[in-house]
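Hi,

Here is the structure I promised to pass on.

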Amino acid sequence: FFQAEAGIRDRSPSRGLGDVYKRQALVGLAGNTVREQEQFLELLPRPNNQMPPAVQDQLTVIRKRVEDIVARANTVATSVTLSAIQKPISEIIATLEKQTGNRMVDYRKKFGQASVDLPLSFDFQEKPFWPAVDQILDLAGLDIYNFAGKGALALVARDDGRRPRTGQATYSGPFRIEATRIQAERDLRQPVQNSLKISLEVVWEPRFHPIVVTQSFAGIIAVGDDNQPIRSMSEIPVLAVEVPAGSQATAFVLPFKLPPRTIQQIVTLRGTLQVLVPGRKASFQFDQLAAGAKETQSQGGVRISLDAVRKRNEIWEIHMRLGFEENHQAFESHRGWAYQNVTYLLDEKGERIEFAGLETTSQSPSEIGIVYLFDVPDGIENMTWVYETPAAIVLLPVEYQIKNIKLP
C-alpha cells in the first residue's frame, strides 16, 4: 500500500488531483476477480489514530470503492457450461449447484409426485443461468415452486397444460421476469374505473436474497399494437415489496387504463425495477462478554456496537447496534432484513447456541438497535458472540422488456 502510494506521489500535478490518481492506482491493485478483490480488502490497512487524518480518509474511500466493486460483482448472472448425454436429472442438478452456487432441491415427493430421475441430453457453453434452467425444466417436464422457504429452487412436476418456460420470460442479470396473468375489468357503474391488470412474476438466482423490490409506475411504458401508449392508472407512484426470508420470487400487479377492443396485444411492456440486494458479507466476533462489556467493530461502511451484556434470571441479553457510517438507503423505509442477519454464540467446544428471541430497542436513519436473548444458564463469559451482516448493500437497477402480450 505505502509503496504504491509513494510510487505515484511525485507524479501528482496537484494535491487534489494527486489524491484522485492515488486512489485510482490503489483501487487498480485490487485486481479483476472477486477473489483478488477480497484478498486486497483483507490486506488493506484499516484506519487508526496513528495515521494522519488524510491517510485515514483515503483508506476509507478506497475500501468503500473496492467493496462496492465486490458487491456488484456478486449481483451479475452466473453461467452454465455443461454437455449432457442421457445424464440423470439428479446429476444435472448437482452440477448446476457446483457451477453457479445456486441450490436446487427436488420437491416432488413432498407434493406426492413421482420422482423419476429422467435422463436428459443438451449442450450448454457459457449459457446464462435462467435460460439454461428453463430449457432443462422444459426437457424434464418440471417447474419451480417459489415458496418452499429453503433458499433454493424447489423443483416440482409440471401441471398439465402448462406452456413451456422457454420463450415466456425476459432475463435481466440474475433475474427472470415473466408476465403471468392479464385481466381486463369493466366497471358498469363507473366506466372511469375500467382497467387492465398485468401480473408480473420476478424470480432471482437463489445464491443471493433481495431485501426490497421497487417498481416506479412513472417508468413503465406499455405500447399497444396501434403504436400508442397505454396509460398507467396506479394511485401510488411507487410500489415496494419487502422480500420475506426464504422466498425466491415476488409478484407485482401493474394497472393500466382499459384500451379499446381494437387493441389485440401489448407489443412492448418496458420498465425498470430497483432492487436492494446485499453484497459482500461481513462477520464480527466479540469474545469479551463479561457483564458490562462494551466494544465497537467496523468493516467497510458497517459498524457493530456491543453496548451491554446483562443477565435477567436465566436469560442473557446482548444489547447491540447495527449502523452505517452515513445515512443509508437500506434503512430508509425497510429494516426487516436486519432481523434476518445470522447471530449466535460459540461455546468453548465451538458449538453454536442460537438466540431465543430478540427485541428492537432503537431506530434511526442510519442505525438500528436490537437486544438478543440467549438461554444459557451456565453463563456466557467464556463464549464468543458472532454476528454476520451485509457489509455492502447495493441498489441494483433491473431493466425488463416483455413483448407481444395478448389481451383477453
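Of the 408 residues in the protein chain, 45% are buried (under 20% relative accessible area, with exposed meaning over 50% and partly exposed in between, using a 1.4 Å probe and protein chains only). Before you go further: this is a predicted model, where local features need pLDDT of at least 70, side-chain atom pairs count only at pLDDT 80 or more, and totals for chains, interfaces and linings use all residues. Residues are numbered from 1 along each chain as its sequence is written, and side-chain values use heavy atoms, with hydrogens and water left out.

How confident is the predictor? The average pLDDT (the predictor's confidence in each residue, from 0 to 100) is 86 for the protein chain, and 91% of the residues score at least 70. Watch residues 1-17, though: pLDDT stays under 50 there, and the model gives them 17 contacts beyond four places in sequence (a contact means heavy atoms within 4.5 Å). Where pLDDT is low, the predicted coordinates should not be read in detail.

On the overall build, the protein chain has six helices and 23 strands (DSSP runs, H or I of at least four residues for helices and E of at least two for strands, numbered from the N terminus). Its C-alpha atoms fill a box of roughly 75 × 60 × 55 Å along the principal axes. Among contacts between residues at least 6 apart in sequence, 68% join residues at least 24 apart.

Now for some strands. E16 (residues 302-312) runs antiparallel to E15 (residues 295-299), joined by five bridges (strands pair if DSSP finds at least two bridges between them). Glu295 has Leu306 in E16 as its bridge partner. E16 also pairs with E17 (residues 315-324), again antiparallel, over ten bridges, and there Val309 stands opposite Ile318. E16 and E17 make a hairpin with two residues between them, and Asn313 in the turn has a positive phi of about 60 degrees.

Two loop residues are worth a look too. Gln248 sits between strands E11 (238-242) and E12 (249-257), and it is buried, with a relative accessible area of 3%. Leaving out residues up to four places away in sequence, Gln248 touches several residues, including Asn146, Leu153, Trp204 and Pro206.

Phe111 lies in the loop between strands E2 (104-106) and E3 (119-128). Phe111 is partly exposed, at 40% relative accessible area.

Happy browsing!
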